[in-house]
Amino acid sequence: MTGATVWLTGLPSAGKTTIAHELARTLRAEGRRVEVLDGDEIREFLSAGLGFSRDDRHTNVQRIGFVAELLARNGVLALVPVIAPFTDSREAVRKRHQTGGTAYLEVHVATPVEVCSVRDVKGLYAKQAAGEISGLTGVDDPYEEPESPDLRIESQDQTVQESAAAVHALLTERGLA
């Protein structure tokens, strides 16, 4: 089976991880080998010690991209729900995949910041509003939206299942599901 990396980018609390886990369940039920490379877990284990400066964010994304490409070239569908706020970082990961002949799809979970701040899964928006943290992507730190992702999902307008099904349909259309 062909592997691929599906990078789900978007703001904190956009729904990236929830969609990735829903899609992973579906793909596993179809007999596919799938790994979800969760950004929080990666930061804890693979990128411990990195902060949130632009350089550290870039290094984190490159490390995740390396692991994703390694998995994908070995027949695993690597689902990567990671913010990756900078276009140049995401493009470097895409180029790594292209160089290796490995499929790479970028999915923009384009949930508006107003919706994300209400969801506030990890309490980050509340902490930023209270002045407890700074550098929150999309609020007081930049997020460069993808100009032409392979798929754009407006998660506030559909269910998690519908969002996961849209990514699955893209994988199927590209011969990767």
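Two strands count as paired here if DSSP finds at least two bridges between them, and strands (E, at least two residues) and helices (H or I, at least four) are DSSP runs numbered from the N terminus. The model is predicted, so local features need pLDDT of at least 70, side-chain atom pairs count only at pLDDT 80 or more, and totals for chains, interfaces and linings use all residues. Residues are numbered from 1 along each chain as its sequence is written, and side-chain values use heavy atoms, with hydrogens and water left out.

Start by selecting S2, residues 34-36: S2 pairs with S3 in the parallel sense over 3 bridges. Click Val 36, and its bridge partner in S3 is Leu 79.

Thr 5 sits opposite Ala 78 of S3.

Next, colour S3 itself, residues 77-81. How many of its residues are buried? The count is 5 of 5, where buried means under 20% relative accessible area (1.4 Å probe, protein chains only). Show the side chains: Leu 77, Leu 79 and Pro 81 point one way, Ala 78 and Val 80 the other.

Move on to helices H3 (residues 54-73) and H4 (residues 87-100). Their axes, lines fitted to C-alpha atoms over the stretch in contact, come within 9 Å and cross at roughly 25 degrees. That makes H3 roughly parallel to H4 (angles under 35 degrees). Select the contact residues (heavy atoms within 4.5 Å), including His 58, Val 61 and Phe 66 of H3 and Ala 92, Val 93 and Arg 96 of H4.

How values were computed. Buried < 20%, exposed > 50% of the residue type's maximum accessible area, 1.4 Å probe, protein only. Axes fitted to C-alpha atoms, helices over the stretch in contact; angles between N-to-C directions. Parallel < 35°, antiparallel > 145°, perpendicular 65-115°, else oblique.
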